[in-house]
Amino acid sequence: VKGDVYGGGYALDRYGKATVSADVAGDAVTTISGTADIAGSVFGGGFNGDVDGNVTLDLNGASLNSTKKAVYGGGYNGNVGNVLIDVDENSAIAWRLFGGGLAKDGGTASAGDITINLAGTVGTSGSTGSVFGGAWVNNPTTEPETDGLTAMANANSATINILSGASADWI
């Protein structure tokens, strides 16, 4: 896959604004297995769309080799229910693993209870690998249309289980 993977919907109107809806009413389950090679980021949730149910990300032999691309249990400015991420011993993530989503430009990426089961590798190809139980909040202040907006990403709880064979630079 040359771009990003989203377990939920993708919502933008024709002007590039998130004024439309692409919510998932139930659960979102994404499995990446075998010799799958993903060039972009992986999101358990949607892009400007919520998952009303729970999110499961199952990485079974997955290879995510792009630096500065990450795995997110939640959505990109999208809220989700509970999150379960399983990374098996044959999977490798080049950069970062977040239990929650990515909130930017005044968006929200909240989640319920987050569980990460890590047996694979986070941090390959000379990249520093980091594992975070929660989300990433990125509030750029250089864009005039987003100045003063506050992004938020909250979770009820976060659990990281480091299993035999797991490897990461920062946990």
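These notebook entries record what I looked up in a predicted model.

**Entry 1: the sheet**

I began with the strands. Strands of a sheet pair through backbone hydrogen bonds, either parallel or antiparallel. Here I found an open sheet of five strands with parallel pairing, and I noted the order as β2-β5-β8-β12-β16. At its edges lie β2 (28-33) and β16 (155-162), each of which pairs on one side only. From one strand to the next, I recorded an average twist of 5 degrees.

**Entry 2**

I then looked up β5 (residues 55-60) and β8 (residues 83-87), which pair in the parallel sense over five bridges. Which residue in β8 is the bridge partner of D58? I found that D86 takes this place.

**Entry 3: the cavity**

I turned next to empty space. Rolling a probe the size of a water molecule over the atoms shows where such space is left. My search of the whole structure gave one cavity of 30 Å³ or more. The volume of the largest cavity is about 40 Å³. Its lining includes I38, G40, L64 and I93. By class, I listed six nonpolar, three polar and one charged residues in this lining.

**Entry 4: the second largest pocket**

Finally, I examined the second largest pocket, which holds about 180 Å³ of space. I noted 16 lining residues, with S41, F43, Y72, Y76 and L102 nearest the centre of the pocket. The elements that contribute two or more residues to this lining are β7 (70-72), β11 (102-104) and β15 (136-138).

Methods. Residues numbered from 1 in each chain as written. Predicted model: local features only at pLDDT ≥ 70, side-chain atom pairs only at ≥ 80, totals over all residues. Heavy atoms only, no water. 1 Å grid on protein atoms, 1.4 Å probe; cavity = no way out; pocket = protein on both sides within 12 Å on 5 of 7 lines; lining within 4 Å. Points joined across faces, edges and corners; volume = space filled by probe spheres on them. Helix = DSSP H or I, 4+ residues; strand = E, 2+ residues; numbered from the N terminus. Nonpolar A, V, L, I, M, F, W, Y, C, P; charged D, E, K, R; others polar. Pairing = 2+ DSSP bridges. Axes fitted to C-alpha atoms, helices over the stretch in contact; angles between N-to-C directions.
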